[in-house]
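The sequence and the structure are shown first.

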Amino acid sequence: MTKENTNKKEEGVSVFSRSAELLDNDPLEEIFALNLGDFLTEHLISEDLAQKIKKHDIKDKAESLKKQLAELISIYSINNTLSVLGFTNKEDYIIYNSIAKTIVQMIDAKACHIFLANEYAIGMENEESGLVLVGSSISPDEEIDCDNPKLVHMPMHYGSENAGLIMIEPRPDKELSEEFVKLIKVTAKLFAISMMLQKLTDETSKAMSESDVTSSELQHYRAELTAVIGDLGEEQQNFVEMLAKAVDAKSEFHNNHSQHVADLSKTICEYLGLNEKTKDLIYYAGLLQNIGKITIPEELFNKKEKLSKEDWETLQNHPNIGVSLLMSINFLSEVIPYIHYHKERWDGRGEPEGLKGYSIPLGSRIIAIADAYCALREDRPYRNAKTEEEAIAIIKQESEVKWDPQLVNALECIVAEKQ
């Protein structure tokens, strides 16, 4: 690692940040590191593994490669790759029922069914068909409505591999929105990559156990694995962005609110000079700060009449629902504190724990003020959007009450620079 890259790491940038400079010494070793570069997967990789990857003084190249591959396989097991959708494979195929039920809840569909190709449905192969039903949101005694003209079939496609498909039965009186269709599509892609990665790790493990395996063969497996891992990281990012869009789609009054909050949060981070890793985490926290609303019915979400006590409790509890969802998604675990505390107030009178001042995580303070400003700038059922000047004036009135005064000043400067 160069001195420059060491310094970057000390400033908080990942040792796997993509940089052409890393290719100067040993391309295979450095490309291996680069392919693990996405922040969404890097937290799974220990500092110890990072140093092992970087070492060039191990005499036996084959043994070095085997160690790298063994650690990759342990990290990207089926439990870790499939749990990006929120579950672990504790019992055979129960995971698929759970995923199907969650998809139904997210997109408010009638039913969801998951099929796997025979080669991926180990122990459940069907000789009469190339696909096996491995999971469903309905009970075993219910039948799939195959005659539904609105059925949506989303293949689990990755490269030349077809791992299966996700079938959605929309409600008879409701069309699936474009955002929900895209969310299903990216979920299917993420699923396919996870299945492919599991297949590849199994093949790699088998090759490593063979006494006559060569270094070139191990390098080939390493290149294949890191390429798939890189695609997994990219698709995880797409999953986050589409999940945020699906949340916003539930409200006709502030579509793209989550994206606006994330963008402004990122701008505030840049203004403050925060490092790239922190900026990325806060950006994704901004995207997902309202993730709990994915489980709230649209009718309640957009209700214009006076809300009941139960309605308010459901809406007010959404940050906790969101945190619960994120806690079960491994690659988003680092954004949990930012989301969990973004309803806290500078004066200590917020929720959920009444944290005060600098005891509130900086990321939470940033997305909180960005969320408030963006909300003021948007039309709502009960009022028109505020101008930039009006929004800033309201935010300033609540400085040192709701908001970090330094962030209020930063926001005011950012808005003034735009004008």
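This is a predicted model: local features need pLDDT of at least 70, side-chain atom pairs count only at pLDDT 80 or more; totals for chains, interfaces and linings use all residues.

**Helix H10 and its cover**

Helix H10 runs over residues 257–272 and has 16 residues. From its first C-alpha to its last it reaches 23 Å, which is close to the 22 Å expected at 1.5 Å a residue. The buried residues of this helix are His-257, Ser-258, Gln-259, Val-261, Ala-262, Leu-264, Ser-265, Ile-268 and Cys-269. An α-helix has 3.6 residues a turn, so residues three or four places apart point the same way. Among the buried positions of H10 are Val-261, Leu-264, Ser-265 and Ile-268. The elements that cover the buried residues of H10 include H9, helix H11 (276–288), helix H16 (362–376) and helix H18 (405–418). After H10 comes Gly-273, whose phi is positive, near 75°.

**Glu-235 in helix H9**

Helix H9, one of the elements covering H10, spans residues 215–249 and contains Glu-235. The relative accessibility of Glu-235 is 9%, so this residue counts as buried, the limit being under 20%. Apart from neighbours within four places in sequence, Glu-235 is in contact with Val-186, Lys-189, Leu-190 and Ile-193.

**Aromatic pairs**

A pair of aromatic rings is described by the distance of the centres and the angle of the planes. The structure holds two aromatic pairs, and the table gives both values for each.

| Pair | Centre to centre | Angle between planes | Arrangement |
|---|---|---|---|
| Tyr-283 and Tyr-284 | 5.2 Å | 85° | edge-to-face |
| Trp-346 and Tyr-358 | 5.0 Å | 80° | edge-to-face |

For Trp-346 and Tyr-358, the planes stand at 80°, and the pair is therefore edge-to-face, a class that requires over 60 degrees. This pair links distant parts of the chain, with the two residues 12 residues apart. Both Trp-346 and Tyr-358 lie in the loop between helix H15 (336–340) and H16. Trp-346 counts as buried at 12% relative accessibility, whereas Tyr-358 counts as exposed at 55%.

In the other pair, Tyr-283 is buried with a relative accessible area of 12%, and Tyr-284 counts as buried at 5% relative accessibility. Which charged residue sits over the ring of Tyr-283? The charged end of Lys-266 takes that place, 5.4 Å from the ring centre. Tyr-283 thus takes part in an edge-to-face pair with Tyr-284 and also has the charged end of Lys-266 over its ring.

Definitions and conventions: Residues are numbered from 1 along each chain as its sequence is written. Side-chain values use heavy atoms; hydrogens and water are left out. Helices (H or I, at least four residues) and strands (E, at least two) are DSSP runs, numbered from the N terminus. Buried means under 20% relative accessible area, exposed over 50%, partly exposed in between (1.4 Å probe, protein chains only). Contact means heavy atoms within 4.5 Å. The expected span of a helix is 1.5 Å times one less than its number of residues. Rings of Phe, Tyr and Trp (its six-membered ring) pair if their centres lie within 6.5 Å; planes under 30 degrees apart count as stacked, over 60 as edge-to-face and the rest as tilted. A charge sits over a ring if NZ of Lys or CZ of Arg is within 6 Å of the ring centre and within 35 degrees of the ring normal.
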